[in-house]
Amino acid sequence: MPLLLDLFLTFLKIGAVSFGGGYAMIPMLTDEVLAHGWLTDAELMNFIAVSESTPGPIAINMATFVGASQGGILGAFLATVGVVLPAFIIILIVASSIKGLLQFAGVKGFLSGVRPVVVGLIISTGVLLFISVVLGYTKISEPLDFDYKALVIFALCAVVYFVYKFIRKKSISPILLIVLSALLGMLMYGVFY
């Protein structure tokens with residue numbers, strides 16, 4: 001199958017069967033990208049970090065980055081359209097009949113069942129990212145490669161978050177935490193040297 005068609009169909013599948021938004025898509029996106037050999041584990045982690053720190057939904061950013069890395073501008077466009085198209089079609093259908101749909105017990109049951117799964121997917125993504133980045137654990141056959149610098153950055157950001165929340169009685173902006181973690185990363189990994 002030609003690469004561009006494969007990019008489009010892969011991201012169409014991810015967009016069609018992933019519920020719960022971008023973070024819930026990361027496990028499936030990871031499996032697909034690694035299975036196709038489009039990126040290595042390390043490259044994928046970097047793409048996820050960049051996708052989280054750039055404006056826009058993470059799933060769209062990931063599709064665009066992976067598509068661009070494999071197929072240039074056209075690859076980025078096709079992967080992005082592929083991941084967005086299912087949600088776009090579903091939202092059009094739901095928006096046209098939302099009031100009628102919410103009256104059915106089956107729809108309420110579906111939504112009640114999907115919510116815990118989405119929370120689980122988001123938590124598992126966070127845990128997997130933490131294990132991969134801090135512990136350096138990517139494959140069972142490889143030893144752990146503990147990264148104390150990543151743990152220090154994580155801990156400092158967590159302290160800033162909780163201190164700010166305790167003092168100000170509201171959450172700190174995620175953008176400020178991203179900027180703080182980027183600056184700490186540049187400092188600790190030697191960019192300023």
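This is a predicted model: local features need pLDDT of at least 70, side-chain atom pairs count only at pLDDT 80 or more; totals for chains, interfaces and linings use all residues.
**Entry 1. Tyrosine 189**

I began with the surroundings of tyrosine 189 and found that this residue touches Asp147, Lys149, Ala150 and Ile153, leaving aside residues up to four places away in sequence. I took a contact to mean heavy atoms within 4.5 Å. I numbered residues from 1 along each chain as its sequence is written, and side-chain values use heavy atoms, with hydrogens and water left out.

I then looked up the side chain itself: tyrosine 189 and aspartate 147 are joined, side chain to side chain, by a polar contact of 2.6 Å. For this term I required a pair of N or O atoms within 3.5 Å; within protein, one must be able to donate a hydrogen and the other to accept it, and residues adjacent in sequence count only if both atoms are side-chain atoms. Tyrosine 189 is located in the segment after helix H7 (174-188). Helices (H or I, at least four residues) and strands (E, at least two) are DSSP runs, which I numbered from the N terminus.

With a relative accessibility of 41%, tyrosine 189 is classed as partly exposed. My classes were buried for under 20% relative accessible area, exposed for over 50%, and partly exposed in between, with a 1.4 Å probe and protein chains only.

**Entry 2. Threonine 10**

I next asked how far tyrosine 189 lies from threonine 10, C-alpha to C-alpha. The two are 35 Å apart in space and 179 residues apart in sequence.

Threonine 10 sits in helix H1 and is buried, at 5% relative accessibility. I listed its contacts, again omitting residues up to four places away in sequence: threonine 10 touches Glu32, His36 and Trp38. With histidine 36, the side chain of threonine 10 makes a side-chain polar contact of 3.5 Å.

**Entry 3. The salt bridge**

I searched for salt bridges, defined as a side-chain nitrogen of Lys or Arg within 4 Å of a carboxyl oxygen of Asp or Glu. The count came to one. The partners are lysine 13 and glutamate 32, whose closest N and O atoms are 2.8 Å apart. This pair links distant parts of the chain, 19 residues apart: lysine 13 belongs to helix H1 (residues 3-17) and glutamate 32 to helix H2 (residues 22-36). I noted as background that side chains of opposite charge can pair when their charged atoms come close.

Are the two partners buried or exposed? Glutamate 32 is buried at a relative accessible area of 14%, while lysine 13 is partly exposed at 39%.

**Entry 4. The loop between H6 and H7**

I checked backbone angles and recorded lysine 169, a residue other than glycine whose phi is positive, near 65°. Most residues other than glycine have a negative phi. Lysine 169 lies in the loop between helix H6 (148-168) and H7 and is exposed, with 66% relative accessible area.

Lysine 170 is placed in the loop between H6 and H7 as well. I found lysine 170 to be partly exposed, at 44%. Beyond residues up to four places away in sequence, lysine 170 touches Tyr164 and Lys165.

I located serine 132 in helix H5 (residues 105-134), where the residue is buried at 11% relative accessibility. Apart from residues up to four places away in sequence, serine 132 touches Met45, Tyr137 and Thr138.

Valine 179 is in helix H7 and counts as partly exposed at 42%.

**Entry 5. The whole chain**

I closed with totals. The protein chain has seven helices and zero strands. Its C-alpha atoms fill a box of roughly 55 × 50 × 35 Å along the principal axes. Of the 193 residues, 25% count as buried. Among contacts with a separation of 6 or more, 51% come from residues 24 or more positions apart.
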